[in-house]
Structure formats: structure tokens, C-alpha cells
Amino acid sequence: MIETRQLTRRYGDLTAVDAITFKVEPGQVLGFLGPNGAGKSTTMKILAGFLSPTSGSATVAGFDIETQPLEAKRALGYLPEGAPSYGEMSVREFLDFIADVRGLTGDLRDKRLDDAVERLHLDGVREQPIDTLSKGFKRRVGLAGAILHDPKVLILDEPTDGLDPNQKQEVRTLINAMARDKTIIISTHLLEEVHAVCSRAIIIAAGRILVDATPGELEARSRYHQAVSLTAANVQEAKEALSRVADIAAIEIDPQDNRITAFPKPGRAIFVAVSDALKAQGVAVRELALEPGRLDEVFRTITQGAVGKEART
Amino acid sequence: MSGTRTIFKRELHSYFATPVAYVFIVIFLLLSGAFTFYLGNFYERGQADLQPFFNFHPWLYLFLVPAVSMRLWAEERKSGTIEFLLTLPVTMWQAVFGKFLAAWAFIAIALVLTFPIWLTVNYLGSPDNGVIVASYLGSLLMAGAFLAIGSCISAATRNQVVAFILTVVICFVLLLAGFPLVLDFFSAIAPQGIVDAIAGLSFLTHFASISKGVIDLRDLIYFVLMIGVWLYATAVVIDLKKAA
């Protein structure tokens with residue numbers, strides 16, 4: 001479990017993290033979203049015990065990060081931003097070093113080392129110096145180090161940054177597989193990742209929590225939520241047919257591919273009505289889809305709104 | 001204590017994983033040999049002792065020790081591994097001390113590899129081996145003090161070149177603290193008491209008495225204190241600079 005209370009960190013005049021309070025339970029994967037410089041990494045560095053908070057407090061697996069730092073660090077697996085590692089060491093030496101520091105011995109040590117290597121597909125590069133590996137491999141070495149001691153709590157700062165789409169998918173599968181009994185926080189810029197792995201998302205900007213919701217709730221905030229989009233052979237004809245549906249608030253046509261999007265009035269479902277109206281008018285429709293809501297649009301609206309407010313005050 | 005040992009092991013091993021170790025050891029041995037025989041008149045003196053060998057150690061260390069210490073923390077900060085290291089379940093002290101001990105052990109290895117010169121002098125005559133042991137001990141302690149200073153400077157910057165130059169300058173001032181070059185400067189701006197205190201900080205004075213075979217507790221305490229204070233400063237500097 002991770003809990004923060006009024007966690008604050010200042011650098012001189014700049015307040016990087018401003019009285020953040022949240023709680024993550026075992027089994028939850030919390031996604032940290034926010035523009036660059038929002039305070040995501042700083043929050044994670046405080047939780048990992050690298051930086052100390054200016055005020056407020058936090059516990060990791062029940063241990064206070066300031067009064068019981070070693071206990072908290074033992075319970076935690078942390079992947080810093082950029083997944084730094086000692087380049088001159090081979091993958092095996094690096095993982096051995098972590099196992100030594102974590103006090104793993106005997107059979108358990110061998111089991112954990114094999115497990116981490118297998119989960120991140122590092123078997124082929126075990127004896128290679130880390131410096132000679134590709135960016136994707138380096139990231140996986142860092143991840144292997146973070147999960148080596150099978151920690152109760154995982155904090156991963158941009159775990160999929162720099163990976164190719166296949167590797168991204170593998171890391172997401174890995175996080176999902178570990179999520180059942182662990183408390184996990186990840187930060188990311190990729191909104192599809194929130195959908196793929198997170199059970200909850202916190203959007204922060206300028207050091208403050210703006211939204212704390214499930215990915216579904218976030219999507220529901222989108223203008224596109226419950227909207228219907230379609231492509232038709234005759235755009236004009238389709239538009240006319242749609243104008244007869246009472247619950248439609250607005251119709252937009254994408255100038256590039258002529259895709260038509262119909263937005264419902266608040267709280268109304270229009271999919272069936274749209275489908276019926278098109279059929280009744282005999283409009284030939286190539287494709288008809290119900291929009292789930294766009295996270296990138298929600299993200300933009302929320303964070304830019306906050307930055308705008310900031311600029312005015 | 002196990003945290004210190006693990007970090008010590010990793011650090012010492014990493015010296016030998018790169019060419020740094022071999023270059024350092026070869027240069028150290030070549031220079032110490034060259035100084036002893038050509039500048040120190042090892043043979044011409046006609047005395048079976050290692051004075052000419054040890055006399056040059058402070059000057060060798062002045063440039064070679066900062067070359068070892070400059071990467072201690074600057075590299076960790078530059079590559080970001082400092083965040084990895086300090087979020088492992090080790091204390092700041094274990095990290096500072098483990099890294100320092102590894103660098104010190106590395107220099108000790110280089111120092112031990114000068115044993116042929118000890119064999120030579122024993123072959124040529126019958127030196128006072130007690131004095132030689134004391135001199136080795138003094139030399140190692142002095143190297144430790146240089147290293148501790150370098151560790152602190154290295155923690156203050158992420159640029160290894162800056163760390164190197166600053167360490168050389170500070171070590172140079174401390175080496176010559178008992179000599180007119182430094183004292184004249186301070187006597188112009190500080191009262192006599194402070195000038196005397198600065199004179200008492202001289203590496204050369206403390207090393208000279210140990211290398212004559214006189215192991216004075218005060219000289220030992222001086223070097224141990226020097227190491228302790230600078231390592232403490234290292235931890236403080238790291239803590240301050242973490243956020244930057």
C-alpha cells in the first residue's frame with residue numbers, strides 16, 4: 001500500500017509537488033499522468049526515498065518514508081526515469097549486485113534471478129555489458145532489477161519509454177500479471193497505456209492533483225463519449241438524415257476523410273436513433289461506430305485548463 | 001555493514017572492468033620508479049632506504065588520486081545511477097563509505113605493487129624495514145585523505161574535469177599549507193592564530209614525520225580525522241545536491 005498525506009516538495013520558490021494526498025491499495029495499478037514538469041517524477045522520487053519532502057508525509061507498505069526509510073526501501077521496487085544502470089557491468093553482474101544489496105541468498109536468490117531474467121527475456125544477453133545493449137534492453141534490465149526481490153510495492157517511472165510496440169506490449173502484460181497482489185504506480189505519457197494497464201489514473205499539473213478517476217470515468221468526461229461516427233458515400237445525404245435525430249447536439253465533418261461525427265445532447269444515447277434514421281432515409285453507410293471517449297482530448301482539456309488558470313492568477 | 005561490503009565489492013570490481021585500473025597502475029609504477037631513480041638519486045645516495053621513493057608520493061598523489069576520485073560521485077550523478085543507488089536499501093553512509101573504501105583499496109593495490117623496489121633495497125643493503133612499513137602506512141593514509149577530499153568535490157559536480165581540477169587545487173594548498181607559498185597569502189589577510197592553524201594542516205609535515213619511521217599518534221589522528229571530516233562533507237553535499 002502507498003499513502004501520501006499533504007505531500008509537498010519545494011525547490012526554492014518553485015513548488016514542484018503541492019499538498020498531494022492519495023492512497024493506492026494492493027491490486028491497484030495507479031497511472032500518473034501529467035505534462036512534463038507536472039511533478040510526477042518528483043512525487044515518485046520522494047516515495048522511493050531519494051528526495052525528502054518539504055512537508056507532509058508518506059508511507060510505503062506501512063513504513064514511513066522518513067522515519068523508517070530502510071524498511072520502506074526494502075518493500076519497494078523502483079525504476080527511476082531513464083532506467084539508469086551501471087554500464088560497465090554485465091546484465092548478470094548487475095542483477096547479482098542488486099540481489100546482494102537486497103540480501104537474497106540460496107535457492108530463493110537463484111529462483112528470483114531466473115524469474116526476473118525470464119520475465120524480461122534477458123537470457124540471451126546475460127553476459128553482455130549493459131553499455132552494449134539497445135535502449136529497449138537497457139530498460140528491461142532496469143525493470144528486472146526493480147522486480148528482482150518480488151516487492152510488494154512497485155514504482156515505475158515511464159517503464160515503457162523507448163520500447164518498440166512489441167516490447168511495450170510485453171511490459172504491459174508483465175505489469176498486468178504482477179498487479180494482482182502488488183501495489184503499483186506507473187507514470188506515463190501514453191494515454192493508451194492508461195487504458196491497457198491502469199485501474200485508476202491521477203492527472204497532475206503544476207504539482208496538484210486535478211483528477212483522480214478510473215480510465216472509464218475519464219473517458220466519460222470526453223466530448224466524444226457516446227458520440228457516433230460514420231463514413232458515408234454521400235456526405236450531404238447522411239448529414240441531412242442526421243439532422244432529423246432530435247438528441248444530436250452537433251455534427252462535425254472531418255475535412256480530411258469526410259468522417260462525420262454526431263455529438264449527443266448531454267446524457268442522451270443516440271446510437272440506435274442514428275442507425276434508424278440512416279436506414280429510414282436509405283443512406284449508404286460504409287462504417288458506423290460508437291465512440292468510447294478520447295483520453296487525449298480529456299487530458300488536454302484538464303491540463304490546459306489548469307495551466308490557463310495558473311497563468312491568470 | 002553488509003551494504004558497505006556489497007557496494008565496496010561492486011565498485012572495486014568496476015575499476016578492473018574498464019581500462020582505468022590498468023592505466024592508473026602502470027602510470028603509478030612507472031612514475032614512482034622514474035622519480036625514485038632519476039630525481040631521487042636512489043643509487044648515488046649510497047644509502048639502503050626508500051626515502052627517495054616515498055618523498056615523491058605526495059606529488060604523485062596530487063595528480064593521480066584526483067584522477068581516481070573525480071568519477072566517484074560525478075559519474076553517478078551524470079548517468080543517473082545515483083538515484084538507483086540511493087533508493088536501494090542502503091544508508092547514505094554505507095554508500096559513501098563503500099565507494100571510498102573501494103577507491104582506497106584500489107590505490108592500496110597499486111601501492112603494494114611497488115614491492116620490487118622494497119626487494120631491491122633489501123638486496124642491495126640492509127634497510128630499516130620498520131621505517132619502510134611506517135612509510136607505506138603513512139603513504140596510504142595520505143592517499144586516503146586525498147581521496148576523501150576528491151570524493152567530496154566529486155559529489156559537488158557532475159563534471160569530472162571540474163572535479164579533477166578543483167581536487168588538485170585543494171590538495172595542492174593542503175600539501176603546502178606549512179610553506180611560505182600558502183602561509184604568506186594567509187598571513188596577509190588572517191590573524192596569526194589562524195595562520196598557525198593552517199600551517200598545522202599541512203599534509204607534507206604530517207607525512208614527513210611518519211615516513212621517517214616516527215609513528216606519532218597525532219599524525220595518525222590527523223589523517224583519520226581528515227578522511228572522516230571530508231567523507232562527512234561528502235554525505236552532506238550529496239544530500240544537498242540531490243534535488244538539482
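**How one predicted model reads, value by value**

Colleague: What shows how the span of α1(B) compares with the expected span?

Modeller: This is a predicted model, and in it α1(B) has 16 residues and reaches 22 Å from its first C-alpha to its last. The expected span is 1.5 Å times one less than the number of residues. For α1(B) that expectation is 22 Å, and the helix comes close to it.

Colleague: Which residues of α1(B) are buried, and what covers them?

Modeller: The buried residues of this helix are Gly3(B), Thr4(B), Thr6(B), Ile7(B), Phe8(B), Arg10(B), Glu11(B) and Tyr15(B). Each one counts as buried because 20 or more other C-beta atoms lie within 10 Å of its own. Their cover includes α3 (91–101) of chain A, together with α2 (20–39) and α7 (92–112) of chain B.

Colleague: How many residues does each chain bring to the contact?

Modeller: Chain B brings 19 residues and chain A brings 21 residues. On the side of chain B that touches chain A, the elements giving two or more residues are α1 (2–17) and α6 (81–86) of chain B. The largest share of that side, 5 residues, comes from α1(B). By class, the side of chain B that touches chain A has 7 nonpolar, 9 polar and 3 charged residues.

Colleague: Why is Ile130(A) called partly exposed?

Modeller: Ile130(A) has 19 C-beta neighbours inside 10 Å. A buried residue needs 20 or more and an exposed one has 12 or fewer, so a count of 19 is in between and Ile130(A) is partly exposed. Its place is in the loop between α4 (106–119) and α5 (135–147) of chain A.

Colleague: How do you know which residues Ile130(A) is in contact with?

Modeller: A contact needs C-beta atoms within 7 Å. Leaving aside neighbours within four places in sequence, the contacts of Ile130(A) include Ser85(A), Tyr86(A), Met89(A), Phe94(A) and Val141(A). As for C-alpha atoms, those of Ile130(A) and Ser90(A) are separated by 5.5 Å, though the two are 40 residues apart along the chain.

Colleague: Which residues have the most contacts inside the largest nonpolar core?

Modeller: They are Ala144(A), Ile155(A), Ala145(B), Leu147(B) and Ala148(B), in a core of 127 residues. Helix α9 (residues 129–156) of chain B gives the most to this core, with 11 residues. A second, separate core of 17 residues includes Ala227(A), Val228(A), Ile270(A) and Val283(A). As for Ala144(A), beyond its neighbours within four places in sequence it is in contact with Leu95(A), Ala116(A), Val117(A), Leu120(A) and Leu122(A).

Colleague: What does the domain assignment give for chain A?

Modeller: Domain 1 (2–220) and domain 2 (228–291) come from that assignment. Taken over C-alpha atoms, 44 Å separate the centres of the two domains of chain A. The C-alpha trace of chain A spans about 75 × 50 × 30 Å along its principal axes, and its secondary structure comes to 11 helices and 14 strands. Buried residues make up 41% of its 313 residues.

Colleague: How confident is the predictor in chain B?

Modeller: On a scale from 0 to 100, the mean pLDDT of chain B is 88, and 99% of its residues reach 70 or more. The model scores ipTM 0.88 and pTM 0.88.

How values were computed
Residues numbered from 1 in each chain as written. Chains lettered and ligands numbered in written order. Predicted model: local features only at pLDDT ≥ 70, side-chain atom pairs only at ≥ 80, totals over all residues. Contact = placed C-beta atoms within 7 Å. Helix = DSSP H or I, 4+ residues; strand = E, 2+ residues; numbered from the N terminus. Nonpolar A, V, L, I, M, F, W, Y, C, P; charged D, E, K, R; others polar. Core = buried A, V, L, I, M, F, W, Y, C linked by C-beta atoms within 7 Å. Domains from an automatic or database assignment.
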